[in-house]
Amino acid sequence: MPSTRFPEAAATVLAMAPAIALAQPLNTNLVVNGDAETGDVSGWIDGGLQPRETSVSGSLGVPDCLDIGAFCFTGRTGASVETLEQRIDVSARAAQIDAGELTSVFSILMQSRIVGGARDIARTELEFVDAGGMILESAGFEDAGASGVFDWSRSSDRRTPPAGTRTIVVRLVATRSSGSSTDAYFDLASLALTDECRPDVDGDGVLTIFDFLAYQNLFAAGDLGADFDGDCELTLFDFLAFQNAFDAGCP
């Protein structure tokens, strides 16, 4: 039987070949350790935030469809501003991004705490960066919090990345106003790229009245496929979000 091994010369050529950037799977979370469940900050650029048991932050305000697990991220007793950051390379999807064919879908749970005059704020920043390091577009999300009420809020974002985007930065920022520790919390950070035409609910490739009917059926059945505003609840705002997406059309 002939050998199936590569000749030595061929193996040498393969070893010297440059690495090829593989495209990330669509519709999967690109944030590494976004739920802190490793119990450390692996996957993140460490700027001071640390994992902590979720018993400290509680579960008030967490939508029923989400599980915050055993850990979340929170501040330490160091600088008054502490961060975690991930720089997600999406260059393997450059052609689709530049053609406007993909959508970025982001979500995170945050909890700010306000006690008397002390205000510790949880904020998340998104940046869409080109190959030269220029920020093409950015967005910020902050849990305003309420004095003495320590509950989670969910922020979400859905947009077409600007042409030229090669990196998407996810940055968690905890800011302390006073005291020795920063009581701001983060959990379930996720970012995915998708090529779906979301308002094409019936999946026939065109947007028609039948998509409205299909969406109405999902909503009436209590199916979270109708959760267009990403809050894990079905409300009037989902209808408005669906209508806006329908009016915007698809690539």
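1. Strands β2 and β3 run antiparallel and are joined by four bridges; two strands count as paired if DSSP finds at least two bridges between them. Within this pairing, Gln50 stands opposite Thr74 in β3. Helices (H or I, at least four residues) and strands (E, at least two) are DSSP runs, numbered from the N terminus.

2. Some conditions on the values. The model is predicted, with local features needing pLDDT of at least 70 and side-chain atom pairs counting only at pLDDT 80 or more, whereas totals for chains, interfaces and linings use all residues. Residues are numbered from 1 along each chain as its sequence is written, and side-chain values use heavy atoms, with hydrogens and water left out.

3. The chain has five helices and eleven strands. Its C-alpha trace spans about 75 × 50 × 40 Å along the principal axes. Of its 251 residues, 37% count as buried, where buried means under 20% relative accessible area, exposed over 50%, and partly exposed in between (1.4 Å probe, protein chains only). The accessible surface comes to about 13,000 Å², and carbon and sulfur atoms hold 55% of that; the areas come from the Shrake-Rupley method with a 1.4 Å probe, and for residues only the protein chains shown count as cover. Taking contacts between residues at least 6 apart in sequence, 72% join residues at least 24 apart, a contact being heavy atoms within 4.5 Å.

4. The pairing of β2 with β3 belongs to an open sheet of five strands, ordered β2-β3-β11-β5-β9, with antiparallel pairing. Strands β2 (50-53) and β9 (153-159) are at the edges with a single partner strand each, so one side of each has no neighbour in the sheet. On average, neighbouring strands here are turned by 35 degrees against each other, direction ignored; axes are lines fitted to C-alpha atoms, for helices over the stretch in contact, and angles run from 0 to 180 degrees between N-to-C directions.

5. Strand β10 (residues 167-175) has eight of its nine residues buried, so the rest of the structure largely encloses this strand. Strand β4 (residues 81-89) is antiparallel to β10 and joined to it by nine bridges, with Thr83 partnered by Val173. Strand β7 also pairs with β10 in the antiparallel sense, over nine bridges; here Leu126 has Val170 as its bridge partner.

6. Strand β7 (residues 118-129) pairs with β8 (residues 135-142) as well, antiparallel and over seven bridges. Phe128 has Glu137 in β8 as its bridge partner. The hairpin of β7 and β8 has five residues between the strands, and Gly133 in this hairpin takes a positive phi near 90 degrees.

7. Asn27 has a positive phi of about 65 degrees and is placed in the loop between α1 and β1. Leu188 has a positive phi of about 55 degrees and is placed in strand β11 (residues 185-194).

8. There are eleven aromatic pairs in the structure. Rings of Phe, Tyr and Trp (its six-membered ring) pair if their centres lie within 6.5 Å; planes under 30 degrees apart count as stacked, over 60 as edge-to-face and the rest as tilted. Trp44 and Phe73 have ring centres 5.8 Å apart and planes at 75 degrees, so they form an edge-to-face pair. Trp44 is in the loop between α1 (8-16) and β1 (45-47) and Phe73 in strand β3 (residues 71-74), so that the pair links distant parts of the chain, 29 residues apart. Both residues, Trp44 and Phe73, are buried.

9. Phe228 is in the loop between α4 (209-220) and α5 (236-248), while Phe242 is in helix α5, so the pair ties together parts 14 residues apart in sequence. Phe228 is buried at a relative accessible area of 9%, and Phe242 is buried at 1%. Ring pairs link both into a cluster with Phe212, Tyr215, Phe219, Phe239 and Phe246.

10. Charges over rings. The charged end of Arg198 sits over the ring of Phe228, 3.9 Å from its centre; the criterion is NZ of Lys or CZ of Arg within 6 Å of the ring centre and within 35 degrees of the ring normal. Arg113 lies over the face of Phe150, 4.3 Å from the ring centre.
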